[in-house]
Amino acid sequence: MTYTMGVDIGSITSKCVILRDGKVVTATAIIRAGTGSDGPQRAVAEALRLAALSRSEIAYAVATGYGRVTYDDADEELSEIACHGRGAVFQEPLARTVIDIGGQDAKAIKLGAGGRVLNFAMNEKCAAGTGRFLEVMAQALGYPLSELGALGEKSTEKVSISSTCTVFAESEVISHLAANRKVEDVVAGIHESIARRIAGLVRRIGLEQKVLMTGGVAQNSGVVKALEERLECPLVVPVYTQANGALGAAVFAFAKYQKNKEEHVE
Amino acid sequence: MEQYLDYFLDAAANPVKEINRWKEEQKGSVIGCLPIYIPEEIIDAAGALPVYLWGGKTEIDRANAHLQGFACSIVRAVLEYEFKGTYDMVDGFVFPSTCDHIQNTSDIWAKAFSHRPKFDLVYPANRQSNYAEQYLTELYREFISWLEVLTGSKADDDALLESIKKYNLHRRLMSELSEIRAKSPQSLTGREMSGLVKASLFLPKDEYNSRLIELLPWLWERRIREKPKTRLVLTGILAEQEIIDIIEELGGCIVADDLARGARLHRNQVDESIEPLAALARRHLSLGPCSTLFDPGKGRGPYLESLCRETEADAVIFINMKFCEPEEFDYPVIKTDLEKAGIPLLFIEVEQQMTSYGQLRTRLQAFMEMLA
């Protein structure tokens, strides 16, 4: 049995996945503390504990995510674009497009066979349309982030949020509330504004089905639905939503381990 | 020869010191030129030193009162430097009609620094018109008169021809430098190339030329690094050092560029056999392709395609200076052209005052992994 590990160090969370023989997910851990904190170490410790393994039993480890460059307990680092692609086809072999919305990044990735990255686009200029945008809006509304999805579904008359800037959109939300618009209608408007921005990103690389949606924001059913309507196609939200990048890194780690082993034999 | 290279790199790191040194030795006027395409020959012929002002890494403070955060960071920095007194050695400024941001900064300048001499070089937008050459020649004549008042010396035809020859030689040498980078990328690092280009923006050209002539044969033979894994072409306004460093760290190498603060400055020569001002006008009218110049044929995509072929480049990186409208409007056209040609293209966005390069590194690394 060979165990490999992927560590995805994001701006807000750290994710760790341990994989057995490149096939079976043995453990996943998600810690709400990202780069610049002890989050990565805690995520690794938690995943090892769940898998009942020690660090020395991990044959190869790959780091990815925003904090990958400064993380020193991995054998190699790869960009999260490549890892999300690999994780996506591991979870859904027919995936050709990945939409990943994390804390500060939103990415659309076009995939070829085997999860090879053909093209990608990422958000420019600011964090509008990312996880951070949703967090700010939830705060302005006084609701926990996790309740926004269900809340938006109750909407009967969606309001329009026109600002693309997070700061301006926040004041727009406040003025809608001041004008006695229902919270659920405002929430639906927020989801719609994210969907609008992300759809533009996807169109830049060209939409091809199946489309996988990953990252923290994929847990918000309101954004997923709004995006499905915009793109006019179903989105697959895989089992490992937030851990998809770490999973891809673990898959890469296994391939790398095997390659190294073959080279040794020769 | 290493010390010749160091001369350029030291100068590039200390532009203010170098310009002051020239001023002290020559007792001449310094003319600050906003980007891009200034007829430096005319300034040189008037005995003044043309110095390009491309902004820089300065914390924007007072300029905020005049230009909002969503304006081009180059003009924001230029404004800030003037407030800080960095340009105190500059005797006059030239504002070309390159883009809305530069034209409007000229208006702001007129109010904020009304005591500072300034010339607006309003280029003919339609460069294909029959009247364009006549108009531009007249404009250059006005420019000479403005310089005469400022410097006390007039650029006559003999002086102009001499300056034209000097600049033709300069452009030829800079083209050879580009050729070295493409054919022998092991010869110099991206950091050295940037330093050489940066020094060319303000050093007196006779001094620059004579040293570069000595340096070039040595550079052809020089081997300081391995053959690059990935060969790249950069296009855009300018490439900050940090970006070039990241590209090289990731195993890439820039073999050619189509940057406004780069190869675009050294294209096309001036005809030495005709009347000097008409010759200078004709050079400008024949320039291209560039996002800041009228180009109905949209030649930049095909140009990049042939540049990639000539330099055996694997891909193109489009470096967008945030809020640069001319470049942003060019991008979709280039994207379509390069897609058709099967040349991978990465779009990244930068600001001059950037301090964090993490997200850019991710994009560049993902792109290089994709190409591998």
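## Parallel sheet of chain B

In this predicted model, strand β5 (residues 230-236) of chain B pairs with β6(B) in the parallel sense over 7 bridges; strands are DSSP runs of E with at least two residues, helices are runs of H or I with at least four residues, and both are numbered from the N terminus. Pairing requires at least two DSSP bridges between two strands. Asp258(B) in β6(B) is the bridge partner of Thr235(B).

The open sheet comprises 4 strands in the order β6-β5-β7-β8 (chain B), with parallel pairing. Its edge strands are β6 (252-259) and β8 (345-350) of chain B.

## Helices on the sheet

Helix α10 (residues 241-249) of chain B packs on the sheet and touches β5, β6, β7 (315-321) and β8 of chain B; contact denotes C-beta atoms, placed from the backbone, within 7 Å. The direction of α10 makes about 145° with that of β6(B), where axes are lines fitted to C-alpha atoms, for helices over the stretch in contact, and angles run from 0 to 180 degrees between N-to-C directions. Helix α14(B) also packs on the sheet, at about 170° to the direction of β8(B).

## Contact between the chains

The contact involves 13 residues of chain A and 11 residues of chain B. On the chain B side, helix α14 (residues 358-371) gives the most, with 9 residues.

## Basis of the model

Residues are numbered from 1 along each chain as its sequence is written, while chains are lettered from A and ligands numbered from 1 in the order in which they are written. Local features need pLDDT of at least 70, side-chain atom pairs count only at pLDDT 80 or more, and totals for chains, interfaces and linings use all residues.

Methods. Contact = placed C-beta atoms within 7 Å.
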